[in-house]
Amino acid sequence: MTIAPPRRAPGRAAALPGSPGPRSRKPRRVFAAVMLTPALLGLVIFFVYPLIASVYFSFTRYDLVSDPEWIGWRNYEYLFTKDPKVWTAALNTLWFVVFLTPTKIVTALCVAGLLARAKRAAGFWRTLFYLPALVPPVASVVSFVFLFNPGTGPVNQILSFFGIDGPLWFNDPSLAKPSLLLLGIWVMGDIMVIFLAALLDVPTEQYEAASLDGANGAQKVRYVTLPNIVPVLIFALITGIIAALQYFTEAAVASGVASGKATVGEGTGMTLGYPNGSLLTFTEWLYVRGFANYQLGYASALAVLLFVVAAVFLVLLLRKVSAFNPESRS
Amino acid sequence: MTMTETRRLTAGDVPKRTRVRGRKSWLLWVAENSILCALGVIFIAPVIFVFLTSLMSSDQTLTGALLPDPWRWQNYADAFTGTPLVRWFGNSALYAVLATVFMLLSSVPAAYVLAKIRIPFANVIFVAIIVAMLLPPQVTAVPVYIMWAKLNLTGTLWPLILPNLLGDAFSIFLLRQFFLTIPTEYIDAARMDGCSEWKVLVRVAVPMAKPGIAAAGIFLFFKAWNDYFGPLLYASEDPSWWPVSYALATFRGTHGTDWGLTMALTMLVMVPVVIVFFFAQRTFVEGITLSGVKG
Amino acid sequence: MQQRSHSRGRIAAAAIATAVVLTGCSSGGSSADIADSAPKKLEGTVSLWHFFSDREADVIQGVIDDFEEANPGVTVDVHSGQDDEKVRKVIASGGDIDVALSYSTAVVGNFCSTGAFQDLGPYIERDNVDMGEFSDTVKSYSEYEGTRCAMPVLADVNALYYNKDILDEAGVTEIPTTLEGLEELALELTEYNDDGSIKRLGFNPFMGMYENSPAHFGPAVGGQWLNDEGYSAIGSDEGWPVLMEWQKDFVDTIGYDKLQAFTAGLGQEFSANNAFHTGQLAMVVDGEYRTAFIDDQAPDLNYGTAPFPTAKGYEDLYGAGYIVGNIAGIAKGSKHPELAWALLKYLSTDTDALVKMANGLKNVPTTTSALESPDLEVTEQYQTFIDIALNPKTTTTPPSPVGAGYEQAFGDYWTKYQAGDGGDLAKGLAEVDKQINDSIDLVSGP
């Protein structure tokens, strides 16, 4: 999910919606109510109710087989003082928030910059760099884990051709996350396309004016390009952070494939985090406790914690980004 | 306007600038293109290696060889005969198509109302939608799962499809942003002509928001097509409901499958998306870019 | 792979459910009010969920066909390839499940204590099932705190496999009976490529590879899991550190990175490319079912089996091993409990069925009658496993309310320890104890 903020839409009248029409307002109100009802129901059923229910469940012991049993703060006490992996998981997620998004953005921006200057075959290059972003994440992860297999993968085969002893990549606890970073770079195409559009959108006159003022290349980038694309950048950063907070698929599939374990008998939860918990993200831990161990009460406590953390991010975001402001009529 | 920007982009040309001048610029040009070529090779290499591996026998994949010997096209036939691949693709299509259609049915009108009709509590609703859209889905997973369990619908993809009938927060947000860009004058003019509200939506607003609707549709379609967490949670116990993405992640672990077949499956999972892209490249890039710019 | 679709009707159901109000999930007949006698004639459909896939699923299907033939009017809806995680999900969500067959006893404690599996006591009593057919160990791992909620259906036993050709080539005639001997021989049989990477390993000590797990190495020191109170005994056991230090030292002798790279490049465990089949591993610890995989996937392999070696000071344990059962139970909410019980009884006590499954899967039968049956096909390699199963010192992993949670916590620490990140061993194991006890308290404490 990549979305960028609205840019000033030129030539748009600031007319307020719903300005008095020729007819009575009443049918319009009815129409609005009817059209909104499904979405409002959806918000209540799939958002408001589950949030409240999660808080309730977080004070219970619940396995779905027997009825929930009220155990007070026990889940939270366990979460904050005893859970052996929750902090590992939280730190791993934080790692992805801090490194994955900026890395993707910087790479995407560099490639977009190159493409914006490319005179020939710009369309070809754009397609080439964009295509990996289209590959379903599961397929790209499976591919990468194979390519980086320390024993038989092509990457280490090629490295050994140059006399380099390749590292263990997805099988090394200290390299597993950086390996996923490489994957993140490979699939940066969707952000890149948006950056490219923003770069090409920078008015040529501004560059010309800067040239007249005697600006060199770096100064043009600093004083012309950047200010023009800052809104797109901020938006890519924010949506990237949100995506990193829920990082699940790539880490889960990478662990499963790299561990080489047959999941026969035990289940997906067994391999999550491989190697040595280095890929265990917070959302994975929630899945393990909730749906592999069936401790739904405890998983709800984790969900409440995740909600609180995400909410802090959201409050900051809602202020910063004009598109999220209900009053903004971009 | 944005439309023209994207058109320029899709056409693949760039703003006319002054021609290359001087040695320094030429060196820069060489440098840039070398970097592009090098990057291009790196970006295309994974797909090529996956393709080559998909043609190896399972014994050979474990030897670290880079080229197949012999070229085993049989892997692709095996992928179809040895796995319920067609069914998996069917499930993915069912999930993605129905989710997208349902989302559009429910979210387009809601987004239109939020953008163009003054209603009470509009701000509250909008903020709720933003929060719902930005929250990790795992936050609400437990109670929602319990709900579907009580409806006896776990073990299928329906828990992932049906909620779209009740709107999708991100799609509503995106669509609202598009409807906002439609000048209210058009809508008022239609009302003057005696159109009912419904007709204003269908005849005026929707046609004008077509690129936006396409963008929202493409987003949701791919979100569903690529979904892993959803099927893991709801459909993992019934292989006849697996979508192809989930199946690919799971198949190697549950069956004695080696890399040759796995890579053939991986190629087969990639291909449809790429084919769709080449047929609808324009709508695609336009949609992605528009959503980026308008979102 | 057999997947019998049961989803057709659900599409219609789903469409209706959209508009339907929440209905409570129906929780079928509880075990207390069962009929006074077994029904004379069985009719209907009963669903069986099991973990086998591919060839092994075909074996199970063969026995199911026999059951259906013997009970005309009964259809068994088979769901193969189902792991514990999924089975629990289906039971918890009130799905269509009557009998579940799990690969291990790990679920027994959890499924019994939560009620996910029904109490079978009343059925056993009513139908006079002879529980004396099962050994005490087998009985112990299929019940929890006095509640029998599962029946044993065959068992898995682990032992050492060795490639005779490789050993012959090296002139080795003695199979090692001590860990030191195993390591020495393993290093002797190990070969390297020109670039220094491993070509063939005598024995791969890497924790986490294939069947390398604390449970399968444990018999070398008779490692204890839980104490009488049901809490972790790992940290206070004298054997575990001995075993772990030996294993870590072995790993370091070859080199962690080299081993990891080699291990990651091996074929999938249940594929024809299993490294023992291909000769990349000269010796390996594995279950008796491997003999069936070898018959099927590598019939030319010349191999033998022996009990897993023991550590110094634990020589008296040689000949014993680790046993763990496949177990089956009746799911909570089963809509056809009588059919489920009939199927369960057939799978767990019918001698013909057990022998047929044992011959096909090469698993160890769990009843005396099946073990003594003349129809049981016993090869030289398979005999080792039967001997271990009958050895009184053979141990198992006890049921607990956290299921396999304690094995996982230990395994997690062990993999960290072998990588050199485990810190002080005694402290690390004490921490493992604490983790296990905390999680037991969370799910079952007062």
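This is a predicted model: local features need pLDDT of at least 70, side-chain atom pairs count only at pLDDT 80 or more; totals for chains, interfaces and linings use all residues.
Local features here need pLDDT of at least 70 and side-chain atom pairs count only at pLDDT 80 or more, while totals for chains, interfaces and linings use all residues. Residues are numbered from 1 along each chain as its sequence is written, and chains are lettered from A and ligands numbered from 1 in the order in which they are written.

I begin with chains A and C. Between them, 34 residues of chain A are in contact with 36 residues of chain C; contact requires C-beta atoms, placed from the backbone, within 7 Å. On the chain A side, helix H2 (74-81) and helix H12 (282-292) each supply at least two residues. Helices are DSSP runs of H or I with at least four residues, numbered from the N terminus.

I turn now to the core. The largest nonpolar core holds 319 residues, and A:Met192, A:Phe195 and C:Leu343 touch the most other members. Such a core joins buried Ala, Val, Leu, Ile, Met, Phe, Trp, Tyr and Cys residues through C-beta atoms within 7 Å; buried denotes 20 or more other C-beta atoms within 10 Å of the residue's own. Helix H5 (residues 85-116) of chain B gives the largest share of this core, 14 residues. Beyond its neighbours within four places in sequence, A:Met192 contacts A:Ala108, A:Val111, A:Ala112, A:Phe129 and A:Tyr130.

Finally, where is B:Leu153? B:Leu153 occupies the loop between helix H7 (141-150) and helix H8 (158-161) of chain B. B:Leu153 counts as buried because 23 other C-beta atoms lie within 10 Å.

Terms used: Two residues are in contact if their C-beta atoms, placed from the backbone, lie within 7 Å. A residue is buried if 20 or more other C-beta atoms lie within 10 Å of its own, exposed if 12 or fewer, and partly exposed in between; C-beta atoms are placed from the backbone.
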